Each structure stands twice: as C-alpha cells, then as structure tokens.
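Hello,

Here is the structure I said I would pass on. My notes on what was found in it follow below.

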Amino acid sequence: MTARVLVGTAGWSYADWKGRVYPDPRPRGFDELRHVAGFLDCLEVNSTFYRVPTERTVEGWLHRVEALRGFVFTAKIHQSFTHGDEKAAGPAEARAFLAALAPLRDAGRLGALLLQFPWSFRDGPDARRRLARLCEWFRGDPLVVEVRHASFGAPEAEAFLVALGAGVADVDMPESPTNLPPRVRTLGQVGYVRLHGRNAAAWFDPKAGRDRRYDYLYSPAEIDAVAARIRAAAAKVPVLFAITNNHFRGQGPANSLMLKARLLGRPVPVPPELLAAYPVLAADAAPAGPGAQGSLFG
C-alpha cells in the first residue's frame, strides 16, 4: 500500500458500548473519546451532522487527543446541506460550518469532510447541480461525497463525480438492485470506505430503528475481503480512511481492530472489554504491556 490508511469508527459515544468498549464501572476521570482514540487512527465526528459544534467543543476534542501523534478526525457535514430542501442552507451556512472546525484544521487534525446523502438522492440534472454547488462551497478541505443509489454507478455519473474533485466514498451496505455496490477502485483523491454492515433484513425494513439497522458484525472472512479492497484502493491515493458505522453494541470498534490487524499484518492492542465481548478478536489481539498502546486500557 502506498497510501496512509487510517482506520476508525463513526462516533465514539454510545450508551450500548458500556461494558463492551468502555470499562464498567468507569474509573475516575475516564474519557470516552480519549479511550477510543487510544486504539484507533481516526474518528468520524457524527454530531456535526445534527448540530454545528461550538469552538469550545472542538477545542475540547483537540485537548483530549493531544498526546496521540498522527490522530485525526473526519467530520460529517450538517444534514441541512444533504437532506431535504436545498434552500435550507446556503454559502453563509457553509462558511459558518467551516469556521466551527477551524481549530481542527489549524491543528492539522482535520482529515476530511463528508457529504453523506440518503439513498433517495438519485443521479440527475438537479442532483448534479446540487453536488457541484456544495463541492464549491466546501472546497479547500479534503472533501468526500457519499451517495448510495445505484444510479450513481453508471459510467457517466462516475465521471461526473470524479470531475467534482472530491473523493467518492466506497459504501459497504446490504446488496440491492437499487443500492450502489462496493467499488473495487478509488474515485477521487481521497479514499474513504464506510462499512455500514450487511443486515439486509433491518436495512430494508422501514420500521427498523437505527440500532437494528446497524446491528451487524462482519465475519473474519468478510473483513479479509474488505482489507483486500482497501489494499487495492490504497495504491492510488495518498490517504484512505476506513470507517466502521456498524456501531451497535461495539461491533464497529471490533471490526475496526480486525481490519487494522489485517492491514498492518500483525496483532493490535484490543481493550479487554471488547475482547471479552467479541472473543473472535483473540486472533488479532496483541498482549498489552508497558510502553504498548494497550497500556492505555489499564
């Protein structure tokens, strides 16, 4: 691989991670972000999709990872730009969003911004105009576009996406004739793989809640295949982010560590709670010891 590959999860604060990713009870002074960042390379900020963070919040993220050399964040752009009425947010709102993340950018900790569109967003003249406009507003930071509908898999649609100058996410999700399938190549200058899980029964159930939809643990064989796809993509870009979004009950962090071990070709430190919850990680777990990253868990 020629790219710098960073493996992480989407978000770091979930109630159902208690006792699986976080210790239970938590020791005094325990910090969720600091703990999860201690065994991953990056984290995708989910909260920015729902609200624009304050300067104090962003500076708090920086302070909590300041000892972790090379650690970076990616951030989902606010939903007002990608979901619903196009008139909900304009250039002024884009500038405000970018300004809010200035502390990460100035510290060299902002790896990429993600424009995540829903499955209902389909290729066509209106969609292309919207994409072009957004890419112009957010130009300057590494930008990634996530589209999910199969219409964006047509050659002319892919050519349009590449011409935007942004990266195009490789989305791993349940197969369907109307879902964009995983790509075996990288589109754009930033590699970005998002693993949503393959829980087809819940994914296509309109009554399924968030947790059910992302309730999926990739098997070792499935992670092997994802790792092979990433190796191929990493030969064509300078940086690639691999983000697990199958967050329910800590399955995302478990799969992140499985993937990280395969990409590195060696065992990696695994939090004891996560190893106890998912014994399949034993094959990928390095023993914790003094000076090892695993000592963060003690």
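A residue is called buried here when its relative accessible area is under 20%. Please keep in mind that this is a predicted model.

I began with helix H9, which covers residues 220–234. Its buried residues are Glu 222, Ile 223, Val 226, Ala 227, Arg 229, Ile 230, Ala 233 and Ala 234. Viewed down the helix axis, the buried residues of H9 fall within an arc of 160 degrees, so they line one face of the helix. As for length, the 15 residues of H9 should span 21 Å at 1.5 Å a residue, and the end C-alpha atoms are 20 Å apart, which agrees.

Next, the sheet. Nine strands form an open sheet with parallel pairing, in the order S6-S5-S4-S3-S2-S1-S9-S8-S7. S6 (167–168) and S7 are at the edges with a single partner strand each, so one side of each has no neighbour in the sheet. Within the sheet, S4 (residues 110–116) and S5 (residues 143–146) run parallel and are joined by four bridges; Leu 115 has Val 145 in S5 as its bridge partner. Helix H10 lies across S1, S8 and S9, and runs at about 170 degrees to S1.

Last, the cysteines. The structure has zero disulfides. Cys 42 is buried, at 0% relative accessible area, and Cys 135 is buried too, at 2%.

Regards

Methods. Residues numbered from 1 in each chain as written. Predicted model: local features only at pLDDT ≥ 70, side-chain atom pairs only at ≥ 80, totals over all residues. Heavy atoms only, no water. Helix = DSSP H or I, 4+ residues; strand = E, 2+ residues; numbered from the N terminus. Expected span 1.5 Å × (residues − 1). Buried < 20%, exposed > 50% of the residue type's maximum accessible area, 1.4 Å probe, protein only. Arc of directions from axis to C-beta. Disulfide = S-S within 2.5 Å. Pairing = 2+ DSSP bridges. Contact = heavy atoms within 4.5 Å. Axes fitted to C-alpha atoms, helices over the stretch in contact; angles between N-to-C directions.
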